[in-house]
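Please look over the sequence and the structure first, and then turn to the notes below.

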Amino acid sequence: ARTDRLYIKQYEEETNLRCHLLLDVSEPMRFGTQPLSKFEYGATAAAAIAFLLLKQRDAVGLRLFDDRLQGAVPVSSNWHSLQNILSMVEPMKPQRKSDFSVPLRDFADAAGRRSLIAIFSDLFAPLETIEHGLKQLRHKRHEVTLFHVLDETELTFPFEDNTLFLGMEDDRQQQANPREIRESYLEEMQGFVAGAKRRCFE
């Protein structure tokens, strides 16, 4: 004011991020032909992200879900949170059916203030319920990041000989010649992945 000139004051502000990790523990996540099942891969990725967030002093928590919300590790920036997350996922055995609308609705209502939500799932549920669940999180102004976890076998269908395919969520079985159904299977899978991606962008 004494010099009658304008100045701009610049500063850096430290902000603490709040992140909720949502890990799908439904029965289809048990599948895996690589060293890790889809569940183990998703759990490993979630734990790695938790480690990185805690290392930069951000707060992180974990919720498990299938057709409902399951165990929780509250959001915290304490290093004990990582051990609590590991202790929760290590004994977990996915065994229930998958759903999205109910657990994501319940989580959106309980999550509190605006946060980053990271979801790890194979998305094996009707795409309409996935879209509805994501919309409920966005309606609460959460930032949502989705990690689509699939096994390479599900994407490439490398089977050659007659194979007995077993249902993951029921007792259905199907004997099939993979060479006869590969083209239609891959077309269906590519459509599913593209549809999931489109609904996420929307």
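In helix 2, the buried residues are Ser81, Leu82, Ile85 and Val89. Because these residues cover an arc of only 100° around the axis, they lie on the same side of helix 2. The model described here is a predicted one.

*Helix 2*

- An α-helix has 3.6 residues a turn, so residues three or four places apart point the same way.
- Leu86 is partly exposed, because its relative accessible area is 36%, whereas buried means under 20% and exposed over 50%.
- Between Leu86 and Gly133 there are 26 Å in space, C-alpha to C-alpha, and the two are 47 residues apart in sequence.

*Nonpolar cores*

- In soluble globular proteins, nonpolar side chains tend to be buried together.
- The largest nonpolar core here consists of 20 residues, and those with the most contacts inside it are Leu21, Leu23, Phe39, Val60, Leu62 and Val89.
- At least two residues of this core come from each of strand 1 (18–24), helix 1 (38–55), strand 2 (59–65), helix 2 (80–89) and strand 4 (116–121).
- Helix 1 contributes the most to this core, namely six residues.
- Val89, one of the buried residues of helix 2, touches Leu23, Phe39, Ala43, Leu62 and Leu64, leaving aside residues up to four places away in sequence.
- Another core, apart from the largest one, has 19 residues, including Leu69, Leu104, Ala111 and Phe192.

*The largest pocket*

- The largest pocket holds about 1,000 Å³ of space.
- It is lined by 26 residues, of which Phe124, Phe165, Leu166, Met168 and Tyr185 are the closest to its centre.
- Helix 5 (152–156), strand 6 (163–166), strand 7 (173–176) and helix 6 (178–201) each provide at least two residues of the lining of this pocket.
- Helix 6 accounts for the largest share of that lining, with five residues.
- Sorted by class, the lining of the largest pocket comprises 14 nonpolar, seven charged and five polar residues.

Conventions: Residues numbered from 1 in each chain as written. Predicted model: local features only at pLDDT ≥ 70, side-chain atom pairs only at ≥ 80, totals over all residues. Heavy atoms only, no water. Core = buried A, V, L, I, M, F, W, Y, C linked by side-chain atoms within 4.5 Å. Buried < 20%, exposed > 50% of the residue type's maximum accessible area, 1.4 Å probe, protein only. Helix = DSSP H or I, 4+ residues; strand = E, 2+ residues; numbered from the N terminus. Contact = heavy atoms within 4.5 Å. 1 Å grid on protein atoms, 1.4 Å probe; cavity = no way out; pocket = protein on both sides within 12 Å on 5 of 7 lines; lining within 4 Å. Points joined across faces, edges and corners; volume = space filled by probe spheres on them. Nonpolar A, V, L, I, M, F, W, Y, C, P; charged D, E, K, R; others polar. Arc of directions from axis to C-beta.
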